[in-house]
Each structure stands twice: as C-alpha cells, then as structure tokens.
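Try each task before reading its solution.

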Amino acid sequence: MLLFAVLLVAFALAIAATLLLANDRRNLRILLDRYELNWLLEPATDEPRGTRALRGRRLAPVAISIPARYFAGPENAAIGAFVREVRASGGELCAAFKAAGVDNGGWLPSQFDSKTYECLSETLLPATEEGGQNASFFFIAKGTPEGEVGSIRMKLVAPETGDGETVHRLLVKALEQLIEQARWLDLAPAIASAEALSDFTAVRFGVSFRFTHEFTAPRSYNLIVLPTSKDPAVKRSRAYFDTLQWLPLPSVIARLPEYLRPHVVATKPLSSAPPPEPASASAPAPAAPKTTPPAPSPAPAP
C-alpha cells in the first residue's frame, strides 16, 4: 500500500513538472507571477525577449565605391544667384501703360531690328511762349518677340509750367505701373523720388534701376532700367537660362530606341474640313449631249 502511494505521488509530480516546465517554463512563470514570487531571476541581456540569432550562410561583403565629389563642398565657381526680371510680358506692360494714360502702339517689332520688339510712347507739348522750353515725356521698353522685357528707358523734360506738370504726372503713372507689373515692390520708394524729382539709384538682383537728373539740361530727367552682369554669379545665372545658347533638342523619333524606329509609321494630320459626300446611286445620270446629224449633200448635176 505504501509503495502504491509513493508511485502515485511520483506520477503526479512528474505530470505537474511537465506542465510547469513546458514551453520554456511558461506555466511556471505565470504561477510565480500570480503569487509575486521572484524565484526565477534571469541575468539582464541586451537582446529583447523573443529574439533569436538567425543561422544560415552569410553573404560576402561587397565593396561600394562612392565618388569623392559626393562629400566635397560646393564649388564657388559654379554658384549662381537670384536674378530679377519683369514678371509681366511686353504686351501686358504696354496695355497697363495705355490704361494709365501713357498712349502707345503695343508690343511691336522694332523698325531697325525685326528680332527686337518694343513698346514706344512719346508725348510732346510745345511751349506756348516764344523761346520757352517744350514739355515732353518719352518711354520705350525693349525685349524679345516672346514678350520678355529686357530694358526700359524713360526721359522727362518738365519745365515749370502747366505742360511740365502734365508730363510729370505721366512719368509718375508710368513708374507706378512698372513697379506694379514687374512685382518690384521693394523699389516703391522710387515713386516718391519721381514725384519730388530727386535722384534714386538701386542695383538689386542683377538689375540696375536709376532715376537721375541731367546735368547738361535743366529740368530733364532719365529713368533707365537695365540688366547688369558685373557679379559673376549673376552672369552665370543669366548664361544658364539663356535659351539662345541651349543645344537644340532632337526630334521625338530620334529619341526613340533603335528597336522601335523601324516600327514607326508615317502619318499625316487629318484635315479639319469634312470629306466630300459620295454621289448617290439613285441620282439620275447626266444627260448625254444631243448631236444633230449632218445635212445630206446635194446630188451632182447631170
């Protein structure tokens, strides 16, 4: 009887040990955590729980060559700069001037160079008194046929007369439209200088803006807006965006791979005119022209 009891206890302990130690002692850990018993303290490891090292054939390391220029600093000889340009096209600029009272003929080819387009305006008010100075306002903007404005010049002769005040107001209106259309709001103080007929000079972002008084002629003023390339960075930027210096692009067919070119079929654009309607089968055929038989010749005399 004692032997049977010992065997039963040993069998029960074996079953309990199997249940507690299975799955990496998972059930034993749950039981110890339930009663807050820290009997199974494991040394701390750097690897998180649940990770394991993978076994297998490792690949041989491959050397990668990285060009040294990837780690080099920027080349100062290739750095560009922000370059200012007139945001409005030549046609839009001429239309804005005309709406402001500066009459002009629009963006038209130049009389001296067909590749240059210009917008021209000239107002001349002769002096009413003999020997007096004429009042005048001259404006010209030059650029490309595509509408890119390259240079602007205005000339004012404003004597201390009513006509001089008239052309002076034309200059101020033209300058206001120029700054508004070109989006050069940082040059807005030039308007106050034009109203006071005082000099104003600014060279910013590759554009020279000068409103100056002529020393040789009284009450005469010039406004000249020209691109400047004294800064090497500005010069590089202008050369980079100059489309006249770009290499021509090949045609679309020339850019196709060699194996596709033999399969290109020449096509012709379809005509926008509707095709002619075919003649209907039920339409009557045109009538044949009538022929008159020749008159009989007279019999010979006996």
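**Exercise 1. The disulfide**

Which residues form a disulfide, and how far apart are their sulfur atoms?

*Solution.* A note before the steps: this is a predicted model, in which local features need pLDDT of at least 70 and side-chain atom pairs count only at pLDDT 80 or more, while totals for chains, interfaces and linings use all residues. Residues are numbered from 1 along each chain as its sequence is written, and side-chain values use heavy atoms, with hydrogens and water left out.

Step 1. Look for a pair of cysteine sulfur atoms within 2.5 Å, which is the definition of a disulfide. A search of the whole structure gives one.

Step 2. The partners are Cys-94 and Cys-119, with sulfur atoms 2.4 Å apart.

Step 3. Helices (H or I, at least four residues) and strands (E, at least two) are DSSP runs, numbered from the N terminus.

Step 4. Check the burial, where buried means under 20% relative accessible area, exposed over 50%, and partly exposed in between (1.4 Å probe, protein chains only). Cys-94 is buried because its relative accessible area is 3%, and Cys-119 is buried because its value is 0%.

**Exercise 2. The largest nonpolar core**

*Solution.* Step 1. Take a nonpolar core as a set of buried Ala, Val, Leu, Ile, Met, Phe, Trp, Tyr and Cys residues joined through side-chain atoms within 4.5 Å.

Step 1. The largest such core has 39 residues, and those touching the most other members are Phe-137, Ile-152, Met-154, Leu-175 and Phe-209.

Step 2. Elements giving two or more residues to this core include α2, β3 (135–143), β4 (149–157) and α3 (162–182). With nine residues, α3 gives the most.

Step 3. Follow the contacts (heavy atoms within 4.5 Å) of Phe-137. Leaving out residues up to four places away in sequence, Phe-137 touches, among others, Val-102, Thr-123, Met-154, Val-167 and Leu-171.

**Exercise 3. Ser-237 and Gly-132**

Describe the surroundings of Ser-237, then find how far Gly-132 is from Pro-159.

*Solution.* Step 1. Ser-237 is part of helix α5 (residues 232–240) and is buried, at 8% relative accessible area.

Step 1. Not counting residues up to four places away in sequence, Ser-237 touches Gly-80, Ala-81 and Val-83.

Step 2. Gly-132 lies in the loop between β2 and β3 and is partly exposed, at 38%. C-alpha to C-alpha, Gly-132 and Pro-159 are 8.7 Å apart in space, and 27 residues separate them in sequence numbering.
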